[in-house]
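Have the structure open and follow along.

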Amino acid sequence: MKIGRLKLSIVYVCLLLVVGCQNKESSDLEATDEQPQWTPVTFTYFNAVTNGQNIYSNMTTLGKRFEEDTGVNIKVEYPSNDLDTTIGVMIASGQYPDMMSPDVAIDKIMEADAFIPLNDLMEEHAPNLKKVYEPYLDLMTHEDGNIYFIPFGASHGFLANPDIDQGAFWIQRGILKEFGYPEVITLDEYFHLIESYVSKYPEINGEKTIGFTALTNDWRFFAMTNPPAHLAGYPNDGDVIVNMETFKASVYGNKEMTKRYLKKLNEINDKGLFDDKAFVTTYEEYLDTISSGRVLGFFDYRWQVGQAFNYLSAKGDDDREYMALPIVFDEGIKDQYVDPPSFNSNRGIGITKSADDPVRIMQFWDYLMEEENQKLISWGIEGETYEVNEDGRYYRTKEQMMKISQEEFKEQFGISIFEWYWPRGAGLFPDGNAWEARRQPEVAIVNYTKEEQVLLEAYNLDVFSDLFAEPKERPWFPAWSAHIEPGSDAAIFKEQAQRLQRLWYPQLVLCKPSEFEGKWEEYVNEYEQLNIEAYEKVMNEFISQRIEWSKDRN
């Protein structure tokens with residue numbers, strides 16, 4: 001009897017071990033019919049890249065589903081005060097959230113050794129993440145051989161957004177309709193249209209018409225400094241332009257292209273066409289001004305004005321919505337507004353030394369990187385937020401597009417939390433569908449309004465991005481992603497140059513035209529006293545390294 005019981009005990013223990021191993025295998029966060037036996041846990045995530053209300057992820061549809069699969073809930077926190085102050089308090093106390101995406105403060109976080117190395121964690125617990133990021137691991141590795149954060153968006157193929165989500169000179173559609181859908185190529189043509197419309201309609205909805213406004217608030221000042229490069233036929237490489245023959249970078253804050261743009265703004269300001277409050281408004285006030293429908297044009301990146309665009313679309317007045325134009329200084333310049341395939345390795349999400357369970361966090365990241373979950377985050381639920389045609393192509397109905405564009409739905413579903421600022425892919429899925437729904441041509445074409453179809457037909461376009469030139473290959477793009485050592489001569493130049501531009505650009509735009517030349521000379525004299533050489537050296541070293549990486553990869 002004792003031997004029999006011993007045998008049964010051994011069998012029972014073996015069964016437990018088998019079940020335990022099966023549970024361990026399912027603990028890699030793969031979706032199974034049976035829920036994995038996870039101990040519930042809540043991790044904190046500080047996202048400094050965007051604004052929002054602090055929230056627990058399980059209060060959303062996606063977050064609840066992810067918690068059911070993994071046992072993980074995320075408390076997402078956003079900056080409530082000045083970012084530098086918030087980061088400074090963290091560093092001084094040595095206490096951090098479990099995960100951080102510190103955005104422009106990432107150098108401070110790195111200098112404080114707040115992030116832990118991710119190499120071993122990725123190797124042991126994140127096969128899905130490693131597979132997606134495999135082509136870029138070298139670019140993610142720091143000089144000490146460690147990976148400390150995961151950048152956003154490992155590109156797998158290029159696909160321009162049909163509706164342009166990058167930089168452009170935007171113009172109200174009603175202006176184009178008013179003047180018979182003219183071809184608008186140059187900056188002079190662009191402002192001539194705006195001036196002509198203002199003279200006919202000095203008021204819109206009982207308020208003064210604003211010919212042109214600009215985003216200048218805080219770190220978003222780049223929307224004011226970048227246009228000269230775009231107008232001259234360069235993409236957004238930040239503070240530099242790169243010669244495509246020599247592959248050498250040079251700053252353009254002191255170049256003729258910058259002078260030409262600022263002088264044009266000075267001219268339109270003198271005519272009363274420039275928003276005289278542009279240099280003092282907050283980001284929220286800027287969005288409110290655009291949402292009012294009385295701004296005829298502005299330069300910006302679509303991702304910064306999406307909220308205002310959605311508001312205008314919901315109001316249903318097509319004339320007050322905007323069309324993106326690839327404006328250049330002169331005919332013959334090939335525009336380069338659309339970003340080429342890129343990988344930005346100087347921003348991302350990391351696990352901090354305050355995290356009690358880095359393994360569990362990495363496993364959760366790996367779970368998010370499963371193709372099924374990437375599609376869930378990007379596209380949503382089939383039949384609810386997207387459909388699939390007989391060829392396996394994903395698309396959205398007009399009703400689904402309306403639903404997905406509403407801020408309230410995006411927050412409730414969890415898009416606002418999970419769509420970006422996590423480890424994720426970009427480009428094309430293996431089945432050929434766009435990683436991001438907004439880049440799928442079928443989504444755009446099916447959902448164009450009658451007014452948009454008229455606009456497209458007038459300019460002989462299938463989608464709005466057809467108006468823009470295809471980007472040239474630039475292995476280093478974007479140059480602004482180059483790592484600049486805090487406190488270095490290059491870092492000091494960048495800080496001082498930005499300070500000068502914030503000081504001088506308002507004066508150059510708002511002064512009397514007769515004063516412009518003198519003020520420009522003063523500004524350039526101060527700018528050229530800075531250590532430009534140190535900054536350009538860092539940029540050129542970065543560009544050379546990326547070109548070599550590209551050669552090795554191919």
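Helix α12 (residues 256–270) and helix α23 have axes that come within 10 Å and cross at roughly 155 degrees. Axes here are lines fitted to C-alpha atoms, for helices over the stretch in contact, and angles run from 0 to 180 degrees between N-to-C directions. That crossing makes α12 roughly antiparallel to α23 (angles under 35 degrees count as roughly parallel, over 145 as roughly antiparallel, 65 to 115 as roughly perpendicular and the rest as oblique). The helices themselves are DSSP runs of H or I with at least four residues, strands are runs of E with at least two, and both are numbered from the N terminus.

So who meets whom? From α12 come Thr258, Lys259, Leu262, Lys263, Asn266 and Asp270, and they meet Pro513, Phe516, Glu517 and Trp520 in α23, with contact meaning heavy atoms within 4.5 Å. Sorted by class, the contact of α12 with α23 holds four nonpolar, two polar and four charged residues (Ala, Val, Leu, Ile, Met, Phe, Trp, Tyr, Cys and Pro count as nonpolar, Asp, Glu, Lys and Arg as charged, and the others, Gly among them, as polar).

A word on ground rules: this is a predicted model, in which local features need pLDDT of at least 70 and side-chain atom pairs count only at pLDDT 80 or more, while totals for chains, interfaces and linings use all residues. Residues are numbered from 1 along each chain as its sequence is written, and side-chain values use heavy atoms, with hydrogens and water left out.

Lysine 512 sits in the loop between α22 (489–510) and α23 (513–527). Is this lysine buried or exposed? Lysine 512 counts as exposed, at 56% relative accessibility (buried means under 20% relative accessible area, exposed over 50%, partly exposed in between, with a 1.4 Å probe and protein chains only). Its C-alpha atom is separated by 29 Å from that of lysine 494, 18 residues apart along the chain. Lysine 410, in helix α18 (residues 407–413), is instead buried, with a relative accessible area of 19%. Leaving aside neighbours within four places in sequence, lysine 410 is in contact with Ile404, Ser405, Ile415 and Ser416.

Now for the sheets. Four strands form an open sheet in the order β9-β12-β6-β13, with mixed pairing; two strands pair if DSSP finds at least two bridges between them. At the edges stand β9 (210–213) and β13 (322–325), each with a single partner strand, so one side of each has no neighbour in the sheet. Look at β6: six of its six residues are buried, so this strand is largely enclosed by the rest of the structure. Gly167, Phe169 and Ile171 are buried on one side, and Ala168, Trp170 and Gln172 on the other.

Strand β6 (residues 167–172) pairs with β13 in the antiparallel sense over four bridges. Here tryptophan 170 stands opposite alanine 324, and glutamine 172 has tyrosine 322 as its bridge partner. Five bridges join β6 to β12 (residues 295–301), again antiparallel, with phenylalanine 299 the partner of phenylalanine 169.

The other stop is a five-stranded open sheet, ordered β2-β3-β1-β4-β14 and also mixed in its pairing. Its edge strands are β2 (55–56) and β14 (350–351). Strands β1 (residues 41–47) and β3 (residues 72–77) pair in the parallel sense over six bridges, and tyrosine 45 stands opposite valine 76 in β3. Across β1 and β4 (99–101) lies helix α3 (residues 83–93), running at about 135 degrees to β1.
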